[in-house]
Amino acid sequence: MDLPIYMDGHATTRVDPRVVEAMLPFFSDHYGNAASRQHRFGWRARDAVSAARASVAKLIGAAAREVCFTSGATESNNLALKGVAEASRDRGNHIVTVETEHRAVLDPCARLAQQGLRISHLPVRADGLVTPASLEAALGPETVLVSIMLVNNEIGVVQPIRELAGVAHARRVPLHTDAAQAAGFVPVDVAAAGIDLLSLTAHKLYGPKGVGALFVRRGVAVAALMDGGGHEAGLRSGTLNVPAIVGFGRAADICREERAGEAVRLRRLRDRLWEKLHRSLPGVSVNGSMTARAPHNLNVSIAGVNGEQLLAGLSDAAVSSGAACTSSRRESSHVLRALGLDDALALASIRFGLGRFNTEAEVDHVAGAVCALVKQLRAPEPIFEVGDDDLPAAWR
Ligand SMILES: *Cc1c(COP(=O)(O)O)cnc(C)c1O
């Protein structure tokens, strides 16, 4: 077994070897610019991008023309939030989002607030879910967009997006969802769920970093952030990263074909990990709903241990904690605090993100390592009996 064992799939995933294989010819042989219309190098690149666009669209139940390639979910979120705000300036100046969103939603919203927009942050229940009633109460005549993530990147909870979209649509407000953590792991169907804008990133579903997409339903107005050659129907100018887009398409195809079976396997591994921790560690609790949850996520808090020592001691597993390291200070996660956890419990948390390449043996090893470490951290400090002879002469 290779150590440390990677279980940080919410941060990024390993690129599937099948994805790497699909990408390679687009560096060396088919290196054309997808915007070159005069020769076969360009045509080859353009055809590959079209195929990838169709693959990404199919993963989420969209039409290919509704998919705009970007550099990742951060950019897609910025484009959705700022682009819709700009395009609907004459209709209103209010956006509704949620306290537990990723920074890639919260920070663009903070920027818009500086520019005079009003932003409402919905609270979540103790299980991490937003209620349709709280969304209903926050909507007003000035609301131009609702942005609620599909799967949370820390606690893995799945928001009831179809109900929430229904509430928004009853007020003629479009709904955006950050689905970066969702698309590879839970079924996503923009038509069935009534989603108007949806952000994706390839590196959370076994594709390369630096490529993503924004789904924009036909008819939803979005202003571009990047002006230039008019690529992506004018919504996102800049020469397309063809190898990465090809990899994204291949990764989307693999997820579509294997997701359902893989979800069963991951849920079994996740439940096994939880069972083992729960059985041998008193004071361990799950953060977030265990039912409305993506199959690959486990987030636990361990009472009575120091969060810093916990993560420092867990050298066999690459996991992450409920802390954001802002410069040198450890700050507890805004997501866990929104659930009502105090600082100590939020800091003494571990996020496990299981993935396609994890095995049962790895789960068992990590569970054993966590249990052994927690027992060691909880053991009382040893007391040494110091005899006179052991003391330095000056102290006798
Ligand atoms: C990873 C992640 C992002 C950022 O995606 P990038 O492609 O790395 O910019 C945004 N939102 C969520 C929920 C994420 O998990």
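1. Basis. The model is predicted: local features need pLDDT of at least 70, side-chain atom pairs count only at pLDDT 80 or more, and totals for chains, interfaces and linings use all residues. Residues are numbered from 1 along each chain as its sequence is written, and side-chain values use heavy atoms, with hydrogens and water left out.

2. Overall form. The protein chain has 13 helices and 15 strands (DSSP runs numbered from the N terminus: helices are H or I, at least four residues; strands are E, at least two). Its C-alpha atoms fill a box of roughly 90 × 55 × 45 Å along the principal axes.

3. An open sheet of 7 strands has the order 2-8-7-6-5-3-4 with mixed pairing (two strands pair if DSSP finds at least two bridges between them). The twist averages 20° from one strand to the next. Strand 6 (residues 175–178) pairs with strand 7 (residues 197–201) in the parallel sense over 3 bridges; histidine 176 has leucine 197 of strand 7 as its bridge partner.

4. Helix on that sheet. Helix 4 (residues 73–87) lies across strands including strand 2, strand 3 (94–98) and strand 8 (212–216), and runs at about 160° to strand 7 (axes are lines fitted to C-alpha atoms, for helices over the stretch in contact; angles run from 0 to 180 degrees between N-to-C directions).

5. The order is 9-10-15-12 in an open sheet of 4 strands with antiparallel pairing. Strand 9 (284–286) and strand 12 (320–321) are the edges. Strand 12 is joined to strand 15 (residues 349–353) by 2 bridges, and serine 321 has isoleucine 350 as its partner in strand 15.

6. Helix 9. This helix lies across strand 9, strand 10 (297–302) and strand 15, at about 15° to strand 10. Helix 9 (residues 242–280) also packs on helix 13 (residues 360–378) at about 25°, with axes 10 Å apart. That makes the two helices roughly parallel (angles under 35 degrees). Residues in the contact include Leu269, Arg272 and Leu273 of helix 9 and Val363, Asp364 and Ala367 of helix 13 (contact means heavy atoms within 4.5 Å).

Terms used:
Parallel < 35°, antiparallel > 145°, perpendicular 65-115°, else oblique.
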